[in-house]
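Biologist: I'd like to learn how to read charged pairs in a protein model. Could you walk me through one?

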Amino acid sequence: MTAIKASTRRRHLPTITSTEMSQSKITLYSYPTPNGVPISSFLEELGVPYTVVKMSIFDKDRGKVHNHVKEPWFLDINLNARMPAITHDGFNVIETSAILLYLAAEFDKERRFSYHPVEEAREYSVMLQWLFFAHGGIGPMQGQAGHFLNVAPEKIPYAQKRYLDEVKRLYSVLETRLSRTEWLAGDKYTIADIKTHGWIRRAEYSFKFDFVEWPNLKKWLDRIEARPAVQKGVNIPPV
């Protein structure tokens with residue numbers, strides 16, 4: 001993996017050299033957010049070589065830093081102006097869960113972190129169910145809770161309570177699931193866990209959660225945090 005920091009000058013092309021591109025067919029456009037770290041962690045688990053472009057997501061950088069998510073060159077990759085995104089042999093993939101599924105299909109042929117969609121159809125379905133639970137539930141709700149609690153210029157008690165209560169409810173769902181099985185999809189660590197971990201690991205920082213209410217979720221979090229690939233992936237690209 002080759003890390004490339006955002007340039008301080010605007011340019012018309014991504015700051016990736018021809019040498020770096022020849023060493024890696026995958027380019028990851030990312031920043032170590034709850035949506036970004038699942039992709040770098042999964043790539044590290046897979047052992048697939050890749051190049052990473054550190055993107056800026058900050059409004060203060062718009063028009064000043066080349067590697068900003070709203071720069072025209074990146075909009076050609078992702079019209080939604082969000083990261084992460086990847087390119088693989090010229091093919092663009094956006095949205096964290098879609099990227100995880102694509103990487104699993106392309107590079108997890110031994111199904112170490114996924115299930116076969118036909119030969120293991122039910123196991124695959126369970127994995128998708130929990131992947132979508134995180135993508136459509138935990139991510140949006142935790143993102144809104146974090147915004148209204150920590151970022152919003154105006155403190156709105158109703159919004160703070162509404163979103164934080166929903167985050168706690170979703171965590172309780174995960175707690176119940178993990179009281180019955182070691183991993184979200186069942187008998188092994190999969191992309192459903194990888195996706196969900198990106199958000200759960202931020203709970204202590206964002207909400208000062210101590211996980212007393214969710215002991216099985218905490219054990220699950222600790223198991224994932226102990227993985228060498230995850231320990232590396234959560235720091236890619238370096239802040």
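Predicted model: local features only at pLDDT ≥ 70, side-chain atom pairs only at ≥ 80, totals over all residues.

Biologist: Where does 14% sit on the scale, and what is the cut-off for D61 to count as buried?

Modeller: Buried means under 20% relative accessible area, and D61, at 14%, counts as buried.

Biologist: Which residue does D61 form a salt bridge with?

Modeller: Here's the general idea: side chains of opposite charge can pair when their charged atoms come close. In this structure, D61 pairs with K60, and their closest N and O atoms are 3.3 Å apart.

Biologist: Is K60 buried or exposed?

Modeller: K60 counts as exposed because its relative accessibility is 59%, and the cut-off for exposed is over 50%. That gives you a salt bridge with a buried D61 and an exposed K60.

Biologist: How many salt bridges does the structure hold?

Modeller: There are 8. One of them joins D165 to K161, with the closest N and O atoms 2.6 Å apart.

Biologist: Why are D165 and K161 separated by about one helical turn?

Modeller: Because they're 4 residues apart in helix α6, which covers residues 157-178. As for cover, D165 is partly exposed at 36% relative accessible area, while K161 is exposed at 54%.

Biologist: What about the salt bridge between D222 and K218, how far apart are the closest N and O atoms?

Modeller: For D222 and K218 that distance is 2.8 Å. Both residues lie in helix α9, residues 215-225, and they sit 4 residues apart, about one turn of the helix. D222 counts as partly exposed at 39% relative accessibility, and K218 is partly exposed too, with a relative accessible area of 30%.

Biologist: Let's zoom out. How many helices and strands are in the protein chain?

Modeller: The chain has 10 helices and 5 strands. It has 239 residues, and 51% of them count as buried.

Biologist: And how do I read contacts along the chain?

Modeller: Look at how far apart the partners are in the sequence. Among contacts with a separation of 6 or more, 66% are between residues 24 or more positions apart.

Biologist: What is the accessible surface of the protein chain?

Modeller: It comes to about 12,100 Å², and carbon and sulfur atoms hold 52% of that surface.

Key
Residues numbered from 1 in each chain as written. Heavy atoms only, no water. Salt bridge = Lys/Arg side-chain N within 4 Å of Asp/Glu carboxyl O. Buried < 20%, exposed > 50% of the residue type's maximum accessible area, 1.4 Å probe, protein only. Helix = DSSP H or I, 4+ residues; strand = E, 2+ residues; numbered from the N terminus. Contact = heavy atoms within 4.5 Å. Areas by Shrake-Rupley, 256 points an atom, 1.4 Å probe, with all protein chains shown as cover.
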